[in-house]
Amino acid sequence: MHKARTALVIGGGIAGPVTALALAEAGIRATVHEARPAPADGIGAMLTIAPNGLEALRTVGAHQAVQEVGHPVPSVALEDGRGGRLSRFDGFPGLPPTLAMRRAELFRALSDHAVARGVPLVHGSRLVGAERTPRGVTAFFADGSTAEADVLIGADGIRSTVRSLIDPGAPGPEYGGVLSFGGLVDEDPDFPVEPGVMHFGFGRAFLGHWRLPDGRVCWFAALPRTEPLTTAEVARVPAADWLARLRELYAGHVPGEALISRTRPEDLMATGPMERVPSVPHWHRGPMVLVGDAVHAPSSSSGQGASLAVESALELARCLRDLPVADAFAAYERLRRPRVEAVGRAAAATNRAKAGAGSGAGSGTFALPDPERMFGHLHRFRVDWETAVRA
């Protein structure tokens, strides 16, 4: 099969624009098709970009755009849910700090940067089907339009249409046993939060919090629930009702009880079920391939979802740069699958711990043994863009 010269990228979130930027660096013309009719606003809550994700963004020149919408959180403190400090970690030597930001702001920063670099981005373009052609692939969209290219790349998220086109029997998202919530409160003078430190409070229930640049405190928490609810179903429940349930669960938690009790319903972020994509048997078929959350969403508890998506976008473009399409897809899967699935398994274990903690399990006796040994390989990873890929 020939090398790719053109690509259709389905999805304008994180992986989509970065894939298109990386393809441009590789000499491949890509157009991004996004189902939403307008740029993202109000989508999701907060997320982080780890040093490995920032390094991948640097390769495609998008790191500065992301740094402008993020704020650094160089330190992590583990606490016992009673206000006691278990351990603190002040970052990996030689690496930049993790950045925290709103998901919608990251989406907009990446899409704006891609468009400024000449990447066509078509909104209101929802993929409904695709057909292999002698040269590549034809994509069909809900508005009746079509588009052709050498390859079609599914960067369309955890409920990927492209994943179902590649393999109708592919697994869907796996529920992690908890519903995710976040909130914003004004900082309490009697409870100051040190800037630049992300706090994780364990014990009977888990809660994280950190201080935003404007002085407010952002918190995120997990509400265990055996039966899953969709994001739409969660949104239909009044915020005041969710706050009441969270206040009951976090009674006695330090600082969870205080933070949640001071959160107004309009400041609650109900982000829905904690989900991950389990191992996907088929990453590609013919001229179609998956990238980012469409193939390896590890759930937000990993802290690596966005960063892994950016890495994979870069690695896929590198493979397509150097190899014919079929060989490129095989090399891409070989290079990425072990890493992303290891992160996904670890995130699944974290989700199980959160679900168990909410039912009364967990003593709060957590510690952080040797962060370099546990997480250094994740944060220090680099896609070797300059080196040619071999089949």
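Predicted model: local features only at pLDDT ≥ 70, side-chain atom pairs only at ≥ 80, totals over all residues.
Student: What makes β13 and β16 a pair?

Tutor: Two strands pair if at least two bridges are found between them, and strand β13 (residues 174-185) and strand β16 (residues 217-224) have 8 bridges in the antiparallel sense, so they count as a pair. Within this region, G183 stands opposite W219 in β16.

Student: In what order do the strands of the open sheet stand, and why are β6 and β17 called its edges?

Tutor: The 7 strands follow the order β6-β5-β14-β15-β16-β13-β17, with mixed pairing. Because β6 (85-89) and β17 (268-276) each have a single partner strand, one side of each is left without a neighbour in the sheet. From one strand to the next, the twist averages 20°.

Student: Which helix lies across β13, β16 and β17?

Tutor: That is helix α7 (residues 239-249), which runs at about 80° to β16.

Student: Why is α1 called roughly parallel to α10?

Tutor: The axes of helix α1 (residues 15-25) and helix α10 (residues 305-322) come within 8 Å and cross at roughly 30°. Angles under 35 degrees count as roughly parallel, and α1 is therefore described as roughly parallel to α10. The crossing in which α1 passes α10 is right-handed.

Student: Which residues make the contact, and how do they divide into nonpolar, polar and charged?

Tutor: On α1 the contact is made by A15, V18, T19, A22 and L23, and on α10 by A309, V310, A313, L314, A317 and L320. The residues of this contact divide into 10 nonpolar, 1 polar and no charged.

Notes:
Residues numbered from 1 in each chain as written. Heavy atoms only, no water. Helix = DSSP H or I, 4+ residues; strand = E, 2+ residues; numbered from the N terminus. Axes fitted to C-alpha atoms, helices over the stretch in contact; angles between N-to-C directions. Contact = heavy atoms within 4.5 Å. Parallel < 35°, antiparallel > 145°, perpendicular 65-115°, else oblique. Left-handed = near helix turned anticlockwise from the far one by under 90°. Nonpolar A, V, L, I, M, F, W, Y, C, P; charged D, E, K, R; others polar.
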